[in-house]
Amino acid sequence: MSQELRRPSHSTTLLIPKARGGRAQRATYLLLALCATALYLAGEPLMPTARTLTFHFVVLEIRALLKGICYLAEEIFHLQSRHHGSFWRALSACFSLHWHGPMLLICGSAYVALLDGDGQPLSLHLGLASLCELLVLALGLHKPSEVEMSEMSERSKQNVAHGLAWSYYIGYLKIVLPRVKKSMEEFSRANPNMLTCRETWKLHILVPLNCDIYDDLEKADSNIQYLTDLTETTLTRAGTKKRVYKNSLYAIKDENNKLWHCAVEYATPLQSLYAMSQDECAAFSREDRLEQAKLFYRTLEEILKGSKECVGTYRLIAYEESGEAETHFLSREILWHLQQQRHEEYAVHEGNQLNNPPTTLSSTELNLQISESDLPQPLRSDC
């Protein structure tokens, strides 16, 4: 492989969706202002407009009331198992009493006060409104869209991906990552010509978005060869005595037959996502799997960025294989990331690199060049 960086055909920022912002809410405010302006410019009489507006509010509150009644009809059969035997808990779960109760009372009173006696009794108005809302509920027209459900799940962090990412971090990464650099250093002392670049002394975690994971990396790509295992960590955990945690070191061969050495492995929770998509009982489609895999990567990235003990000890490698069969796709993907790390010229501290270092330094930045050791230290990390 040539010494200049060869970027993959994709970018991680294009593969992994960012968290949704508040654009939908801002669009709501904009449309609300436009609608109010249009009604004002229409020049309609105030009283009929106010009466119609309050009637629409009453209808909305009737919908919330009827929907709550329908849900309560089911929840009263689960008082012990879901609501600790409390009817008030079940009632509060079905109705937003702090909001819909007062709103229904205010809107109903306002509508009665504005009713001008059009010859039709109030009961008929309420009956027709209830009939329409019950039809909406029966036909399922009230259900949120896929986007709304996705946003609610992401905001409440109740997706499968959130649980898998946190379990992976708590149960594995939080244990092995803080020990990776020490293990690599021990191996480097015994093999001084292999791990020459400290920037790559990290655990490289592969995140294939199709969740297709090989148990043997050598079968996934013949340019990836297993070398040895790094120093293992033994802990007593969850009732298991002397549970072993370890990482494997691999040699990656480039196009010039040069060997690059690094610790690399798949993100194992993706196997669960793949298995769920193959099991009919899980009702988990390929589209669901892809969405959850992307959310897993984003969640794991956020968790690791907030973990002080894991700073500079990992590199997430997310990729999406093209439809064309490429024999050495995986090795090229890993090599690109290894070269990226090797060509990071300036290091402020472990795990934080300056992509565009300034040509001049201010007085507050001079302390970055001062070594804490008595021995002279290089300002460049050319590895």
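In which helix do Glu302 and Arg298 both lie, and how many residues apart are they? Both belong to helix α12, which spans residues 286-305, and they are four residues apart, about one turn of the helix. The model is predicted, and the description below should be read with that in mind.

**Salt bridges**

The structure holds four salt bridges, and three of them are set out here.

| Pair | N to O distance | Relative accessibility |
|---|---|---|
| Glu302 and Arg298 | 3.9 Å | Glu302 43%, Arg298 10% |
| Glu301 and Lys305 | 4.0 Å | Glu301 24%, Lys305 59% |
| Lys246 and Asp229 | 3.2 Å | Lys246 42%, Asp229 28% |

In general, side chains of opposite charge can pair when their charged atoms come close.

The salt bridge between Lys246 and Asp229 links distant parts of the chain, 17 residues apart, with Lys246 in the loop between β4 (240-245) and β5 (248-253) and Asp229 in strand β2 (residues 224-229). Lys246 counts as partly exposed, and Asp229 likewise counts as partly exposed.

**Nonpolar cores**

The largest nonpolar core has 59 residues, of which Leu173 and Phe296 touch the most other members. Helix α9 (residues 160-190) contributes the largest share of this core, 13 residues. When residues up to four places away in sequence are not counted, Phe296 touches Ala161, Leu164, Ala165, Tyr168, Val207, Ala267, Pro269 and Leu270. Apart from this core lies another, of six residues, with Val58, Val59, Leu66 and Leu137 among them.

**An annotated span**

For residues 27-43, the unreviewed UniProt entry gives the feature "transmembrane region". In the predicted model this span is 94% helix and 0% strand, and its end C-alpha atoms lie 25 Å apart.

Methods
Residues numbered from 1 in each chain as written. Predicted model: local features only at pLDDT ≥ 70, side-chain atom pairs only at ≥ 80, totals over all residues. Heavy atoms only, no water. UniProt positions renumbered as here; feature names shortened; annotations may be inferred. Helix = DSSP H or I, 4+ residues; strand = E, 2+ residues; numbered from the N terminus. Salt bridge = Lys/Arg side-chain N within 4 Å of Asp/Glu carboxyl O. Buried < 20%, exposed > 50% of the residue type's maximum accessible area, 1.4 Å probe, protein only. Core = buried A, V, L, I, M, F, W, Y, C linked by side-chain atoms within 4.5 Å. Contact = heavy atoms within 4.5 Å.
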